[in-house]
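Here is a short tour of one protein model. Look at the structure first, then read on.

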Amino acid sequence: MKTESPHNEETVLKGIPASPGIAIGPVFVFLRHAPVIEERSILTEEVERELGRLEQAIARSHKELRKILEFAEKKLGEDKVKIFEAQLMFLEDAVLFDAIYARIRSELKNPEFVVHDEIGKYHRIMLASKDEYTRERANDVEDVRNRILRNLQEQRAISRLEGSSVIVSQNLTASDTVILSRNEVLGYATDLGGITSHTALLSRALKIPAVVGLKTISHTARDAERVVLDGYSGVVVLSPTEETVKRYEAKRASYHEFEARLTGLRDLPAETLDHHRVELSVNVEFEQELEFIKLQGADGIGLYRSEYLIVGKEVFPSEEEQFNQYKLLAETMYPKRVIIRTFDIGGDKMMAESAKENNPFLGWRGIRVMLDKPDLFLEQLRAILRASARKNVALMFPMISNLKEVRRARKLLDEAKHQLRKEGIPYDSRIKVGVMVEVPSAAVIAEDLAEEVDFLSIGTNDLIQYLLAVDRGNDVVSSLYQEFNPAVVRFLRRIIDRGKKKGVWVGMCGEMAGDPLATILLLGLGLDEFSVVPNMLPEIKKIIRGVKYSEAQKIARHVLKMKTEDEIKAHLKSMMKKKFPDIPIG
Ligand code: PEP
Ligand code: MG
């Protein structure tokens with residue numbers, strides 16, 4: 001426990017918002033000591049006793065994990081406990097532990113050393129992985145190892161805290177997060193972790209505010225120091241001034257009130273005051289989000305990023321695995337629509353077989369990869385088709401940059417349909433097919449694309465980076481990445497107009513669809529569908545329901561004449577402040 005005096009000045013840290021809510025309270029620095037392991041030789045006559053000690057430590061670890069599993073099951077429900085089941089399975093891995101026992105016998109080394117070394121091999125391989133998911137899962141393996149080592153050293157785990165506090169740690173394992181939540185935890189703040197970290201996933205399920213990826217907070221924060229943690233924006237303030245605390249208390253109160261009012265919107269349609277109805281759907285990456293989405297009252301899933309199924313895998317998931325996942329989505333959302341995007345790998349997204357490219361965003365990405373791998377593509381198309389039997393599934397292709405790609409992809413889709421028909425497997429023969437408009441060339445030929453598909457979905461995340469030549473992930477040029485650049489706004493109008501003239505609906509699944517500052521403009525430009533991050537859905541719905549379509553069209557016409565992003569943003573901001581003073585805008 002660190003006992004230095006708190007900071008004199010407030011320190012503001014910025015991390016990744018992992019679970020919404022605002023926590024204000026004292027810090028508890030949770031230090032997980034890396035076990036100190038000695039390499040010791042043992043005598044032949046000590047072997048049996050040492051093996052017995054190890055067996056006991058494993059049994060004790062097993063008991064602890066079972067208890068955590070039971071507690072998590074009660075608190076979070078069965079579907080959230082897979083992490084702990086996986087840890088228990090690891091602990092029951094006969095091959096691994098036979099190897100450990102054999103090494104103790106043959107090398108005559110103490111169990112602490114052999115356990116540390118043998119499990120360390122798995123851990124290192126997983127940590128070296130390129131994808132975030134596997135690296136996160138390496139923590140689970142390390143956690144099991146440390147649990148055995150702690151039990152070998154006969155030390156107890158910290159699980160009880162005095163009073164309520166914000167837990168600050170370098171990293172929290174799944175079991176830490178759950179065990180600590182038996183106390184009154186106000187929030188979690190960690191140095192490491194991304195949006196798929198356990199702290200992120202579990203704190204959302206536990207409804208405890210959390211910020212991850214704070215890099216240095218476990219070194220900077222002092223025990224008992226006061227902290228403000230904002231799980232909406234990812235800001236953490238250590239030793240906040242009274243003024244800061246008051247500001248966050250006010251933000252917390254207004255969010256509570258706002259959220260309470262938003263829940264009333266759940267079952268209402270996304271319809272303007274003059275009854276212009278649009279579709280309001282959500283973007284989904286993980287099945288764990290489904291429960292939350294159902295609560296928010298979405299019209300459907302407008303983008304399922306299927307490539308997240310590949311995370312952590314060496315090979316592509318089989319047709320069967322994919323089918324099970326797509327079916328789960330389709331069934332959970334039924335009768336609402338689920339749009340499955342075929343794998344969009346490459347660029348910044350993980351892939352087992354990654355090509356070395358100087359410009360990955362301009363390289364082998366999305367549809368380009370899948371068209372080069374027709375067998376794998378066919379498997380995915382078959383899996384999507386099989387999940388479409390109840391007619392609430394649509395599919396779309398990412399990174400389309402010319403017509404030929406659409407035609408080739410559709411040909412493979414026909415081939416997949418033909419195979420299924422021959423095999424007597426049911427599917428929706430009229431499944432709707434769309435393309436993402438996220439490459440400028442696709443935007444230019446929107447009318448031609450629209451003749452070949454049922455809908456267009458604008459991917460602004462990529463479209464903006466390609467149109468403005470600004471890398472979407474590069475901080476140095478982030479001020480040039482402009483959603484409200486007049487070129488972007490005019491381009492959007494063009495895509496929407498051309499698509500609709502050809503009789504297809506036009507949606508948007510890029511982040512811009514979930515930006516409250518853009519809602520009225522997009523509505524006025526004639527967008528038919530908004531697919532947003534689940535957190536933003538209630539606010540976007542509130543805006544849509546609070547404006548007339550005719551007024552939105554007027555605003556869009558006005559904005560289309562503007563010449564700079566500053567002018568457009570200032571106009572939209574002042575309009576939002578007047579019409580929706582309680583909606584926070586960036
Ligand atoms: C987009 O580019 O806007 C999009 C939705 O796709 P992704 O963010 O997955 O590239
Ligand atoms: Mg994209």
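Start with one pairing: Phe397 faces Val435, a residue of strand 13. The model is predicted, so keep that in mind while reading.

**Strand 12 and its partners**

Strand 13 covers residues 432-437 and runs parallel to strand 12, with four bridges joining them. Strand 11 (residues 337-341) also pairs with strand 12 in the parallel sense, again over four bridges. Here Ile340 stands opposite Leu395 of strand 12.

| Partner of strand 12 | Residues | Sense | Bridges |
|---|---|---|---|
| Strand 11 | 337-341 | parallel | four |
| Strand 13 | 432-437 | parallel | four |

Is strand 12 mostly covered or mostly open? Strand 12 spans residues 393-397, and five of its five residues are buried. In a regular strand, side chains alternate between the two faces of the sheet. In strand 12, one side carries Val393, Leu395 and Phe397, and the other carries Ala394 and Met396. Both faces are covered.

**Helix 7**

Now move to a helix. Helix 7 takes in residues 198-206. Which of its residues are buried? They are His198, Thr199, Ala200, Leu202, Ser203 and Leu206. Lys207 follows helix 7, and its phi is positive, near 60 degrees.

**A charged patch**

Finally, turn to the surface. Arg60, Lys63, Lys67, Arg156 and Arg182 gather there in a patch of positive charge. Where does Arg156 sit? Arg156 lies in the loop between helix 5 (132-152) and strand 4 (165-169). Arg156 has a relative accessible area of 75%, so it counts as exposed.

Note on methods:
Residues are numbered from 1 along each chain as its sequence is written. Chains are lettered from A and ligands numbered from 1 in the order in which they are written. This is a predicted model: local features need pLDDT of at least 70, side-chain atom pairs count only at pLDDT 80 or more; totals for chains, interfaces and linings use all residues. Side-chain values use heavy atoms; hydrogens and water are left out. Patches are made of residues with over 30% relative accessible area and no salt bridge: like charges are joined within 9 Å, nonpolar side chains (Val, Leu, Ile, Met, Phe, Trp, Tyr) within 5 Å. Accessible areas come from the Shrake-Rupley method with a 1.4 Å probe; for residues, only the protein chains shown count as cover. A salt bridge is a side-chain nitrogen of Lys or Arg within 4 Å of a carboxyl oxygen of Asp or Glu. Lys and Arg count as positive and Asp and Glu as negative; His and the chain ends are not counted. The place of a charge is taken as NZ of Lys, CZ of Arg, CG of Asp or CD of Glu. Helices (H or I, at least four residues) and strands (E, at least two) are DSSP runs, numbered from the N terminus. Buried means under 20% relative accessible area, exposed over 50%, partly exposed in between (1.4 Å probe, protein chains only). Two strands pair if DSSP finds at least two bridges between them.
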